[in-house]
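Please read the following report alongside the sequence and the coordinates.

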Amino acid sequence: MVPHVSRTYDRRPVSLDQEVRHVQRLVSVSVAQSWPDDRPGGLNRYAADLHAALLARGVDDRLVVFGPASTAGPGVYRAGSEDASLPRRLASIRSAAAGAGTGAAVLATHFALYGTLPALTPPLRRLPLVAHFHGPWADESRAQGARGAALRAKDAVEGRHVRSARSVITASDAFADLVIERHAVPRERVCVVHPGVDTERFTALDEEARTALRASLGIGPDDFLAVTARRLVPRMGLEVLLKAWPAAPGRHLVVIGDGPSRAALESAAAGVPGAMLVGRVEDEALVRWYQAADLVVVPSTSLEGFGLVVLEALACGTPVLASAVGGMTEVLPLLDRGLLVAPGDVEAWRSRLEAGARGDGLPGRPACRAFALTRSLDHFAAEVSDVYREANG
């Protein structure tokens, strides 16, 4: 097991002014994928939220991402479109990262494919590299049906990149163990930092406002609403969820998201009373669904490094049922051990959803919100900046 960064690094008490003055000396370049408003997804949201939180702490973080011309914001460097050909993408992100690198002290990457060339490019190649490992690229492609030489190439690119890093940050012990075993990264270079959540954007409503919101969505005061927000791919376990759904009058299951499995899931949902796929929604609408829900469900079957949806839902005061996989086994039991369900087990999910629909065995909304408040973005950024400073030291 890899120690969490808060136990790995010496964080002796200092005043906030002292800490901010120290952090202000740090300039970092962060290379990610796409801006989340353009391409929703856990990695993109993680990178954007971390960037904003680092800026708020005084770190001069320069985030390099793909995105439309409208992509803008403090410290954001646009690298063109992710719809471009691979050679053009690699060239544009290399150029944008080099342009952002003046005076930088650390290079941080969120995806090996896009981080490899910047790490070899002046002036960035002289900087200490911190690689955020969000999951095994080849395994994620394999789970979507990819086979052959492409998988071996992805594994090789990722392995070389993380082994060249001075530090590797993972969101969970599960992914820390994976990157050590898969890519032979020395254990002492790996730091576990659980992500944080924007508790001002994801916030709870009082009962009067929540009742009005549910009414606007067509949900009655005594109805039961379960929500899941996932990329629609097989490893998210949504087929299991649809099979397990305990349909009854007044029970609603809303599936948010898009992806290659959408057509198959829409076909399956057509035969499940109360189930509805709504596709991709804007950030404001996602928050409203979380606030309105009685339960948020995360039925992943594999490769779940952490699951930001868990903290987002809890910050809205909504309890979460999740599969006992990956990082979710490290976080949810701290709130309630009964919130984990055996992955892929239709009967176990049906039984637990039925109990949830009756209101049995779920923590109250105030307890959910209070738990999320202990996982703030500011605390997350403080721990990540510790890793960056140590790498630069």
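Cys191 is buried, with a relative accessible area of 1%, where buried means under 20% relative accessible area, exposed means over 50% and partly exposed lies in between, for a 1.4 Å probe and protein chains only. Cys316 is likewise buried, also at 1%, and takes part in no disulfide, since the nearest cysteine sulfur, which belongs to Cys368, is 11 Å away. With a disulfide defined as a pair of cysteine sulfur atoms within 2.5 Å, the count comes to 0 disulfides.

This is a predicted model, in which local features need pLDDT of at least 70 and side-chain atom pairs count only at pLDDT 80 or more, while totals for chains, interfaces and linings use all residues. Residues are numbered from 1 along each chain as its sequence is written, and side-chain values use heavy atoms, with hydrogens and water left out.

For the aromatic residues, rings of Phe, Tyr and Trp (its six-membered ring) pair if their centres lie within 6.5 Å, and planes under 30 degrees apart count as stacked, over 60 as edge-to-face and the rest as tilted. By this rule there are 7 aromatic pairs. Two of the pairs are set out here.

| Pair | Centre distance | Angle between planes | Class |
|---|---|---|---|
| Phe133 and Phe175 | 5.9 Å | 65 degrees | edge-to-face |
| Phe202 and Tyr290 | 6.1 Å | 40 degrees | tilted |

Helices (H or I, at least four residues) and strands (E, at least two) are DSSP runs numbered from the N terminus. Because Phe133 lies in strand S5 (residues 129-133) and Phe175 in helix H8 (residues 173-183), their pair ties together parts that are 42 residues apart in sequence. Phe133 is buried at a relative accessible area of 4%, and Phe175 is buried at 5%.

Phe202 is found in the loop between strand S7 (190-192) and helix H9 (207-216), whereas Tyr290 belongs to helix H12 (residues 283-292), so this pair ties together parts that are 88 residues apart in sequence. Both Phe202 and Tyr290 are buried. A further group, made up of Phe66, Phe111, Tyr114 and Trp137, forms one aromatic cluster.

How exposed is His379? His379, which lies in helix H17 (residues 377-392), counts as partly exposed at 38% relative accessibility. Its C-alpha atom is separated by 9.9 Å from that of Arg57, although His379 and Arg57 are 322 residues apart along the chain.
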